[in-house]
Amino acid sequence: MGIDRRRRASMALTLNFLALFLAVSALTTSYWCEGTRKVVKPFCTGPFTATRQSFCIRFNSSNLNDTRLVQYIWETGEDKYVMRKFHTGIWFSCEQNINMTGENCRSFLNVAPSNERGVLWLCIVAECLYILLLATGGLLMSIEVCHLGNVIDGLKLNAFAAIFTVLSGE
């Protein structure tokens, strides 16, 4: 025959708490997406050093401030680019510095244009509502698992837990 009622409820509760844990970790982490990005090297300024040379482009102009001079760049193809690592989440977006030491992090308020911040806030509110509904459904499921009363009260708790879980979108 099938699985008994208490075992089904505890399995559903375990899956609900797993979903709740993953939702909270997704909201709090800045590692939703990570990878590398190809960025054009900037022009070198200041004295020549061997370590700085690999992260910038030298050109054969003696006057750095004269924009009328033609700047011949010796790097060709992939030599003009540097691969910078990044990781991003809902709160922060971080990218390696151009000299590959440390990283530069920006808040989501500085990354998104001002006319699109409302959509970002809507996503944050929706994620928080999702977590709240999942937590409420999990709380009702845990009450049902620990409930020692009659079967009808357990079914009512189960129904309310199902409603909250469905409303969360799971």
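Buried residues account for 25% of the 170 residues in the chain. The structure is a predicted model, and its secondary structure comprises five helices and four strands. Read from the N terminus, these elements follow the order α-β-α-β-β-β-α-α-α. Among contacts between residues at least 6 apart in sequence, 53% join residues at least 24 apart.

The packing of two helices was examined in detail. A pair of packed helices is described by the angle between the two axes and by the distance that separates them. For helix H4, which spans residues 117-146, and helix H5, which spans residues 151-168, the angle is about 165° and the axes lie 8 Å apart. Because angles over 145 degrees count as roughly antiparallel, H4 and H5 are assigned to that class. The crossing in which H4 passes H5 is left-handed. On the side of H4, the contact is formed by Tyr130, Leu133, Leu134, Thr136, Gly137, Leu140, Met141, Ile143 and Glu144. On the side of H5, the contributing residues are Gly154, Leu157, Asn158, Phe160, Ala161, Phe164, Thr165, Leu167 and Ser168. Classified by residue type, the contact of H4 with H5 contains 11 nonpolar, six polar and one charged residues.

When neighbours within four places in sequence are set aside, Gly137 is in contact with Asn16, Ala161, Phe164 and Thr165. Of these partners, Ala161, Phe164 and Thr165 are listed among the H5 residues that make the contact with H4. Gly137 and Phe160 are separated by 23 residues in sequence, while their C-alpha atoms are 7.5 Å apart in space.

A further feature of the chain is a covalent link between cysteines. The count comes to one disulfide, which joins Cys94 to Cys105 with an S to S distance of 2.0 Å. The torsion about the S-S bond of Cys94 and Cys105 is about 110°, so this disulfide is right-handed. Cys94 belongs to strand E3 (residues 92-96) and Cys105 to strand E4 (residues 103-107); the pair therefore ties together parts that are 11 residues apart in sequence.

Cys94 has a relative accessibility of 5% and so counts as buried, whereas Cys105, at 40%, counts as partly exposed.

With a relative accessibility of 19%, Gln96 counts as buried, because the class takes in values under 20%. Apart from neighbours within four places in sequence, the contacts of Gln96 are with Met83, Arg84, Lys85, Gly102 and Glu103.

Definitions and conventions
Residues are numbered from 1 along each chain as its sequence is written. This is a predicted model: local features need pLDDT of at least 70, side-chain atom pairs count only at pLDDT 80 or more; totals for chains, interfaces and linings use all residues. Side-chain values use heavy atoms; hydrogens and water are left out. Axes are lines fitted to C-alpha atoms, for helices over the stretch in contact, and angles run from 0 to 180 degrees between N-to-C directions. Helices (H or I, at least four residues) and strands (E, at least two) are DSSP runs, numbered from the N terminus. Angles under 35 degrees count as roughly parallel, over 145 as roughly antiparallel, 65 to 115 as roughly perpendicular and the rest as oblique. A crossing is left-handed if the near helix is turned anticlockwise from the far one by less than a right angle, and right-handed if clockwise. Contact means heavy atoms within 4.5 Å. Ala, Val, Leu, Ile, Met, Phe, Trp, Tyr, Cys and Pro count as nonpolar, Asp, Glu, Lys and Arg as charged, and the others, Gly among them, as polar. A disulfide is a pair of cysteine sulfur atoms within 2.5 Å. Buried means under 20% relative accessible area, exposed over 50%, partly exposed in between (1.4 Å probe, protein chains only).
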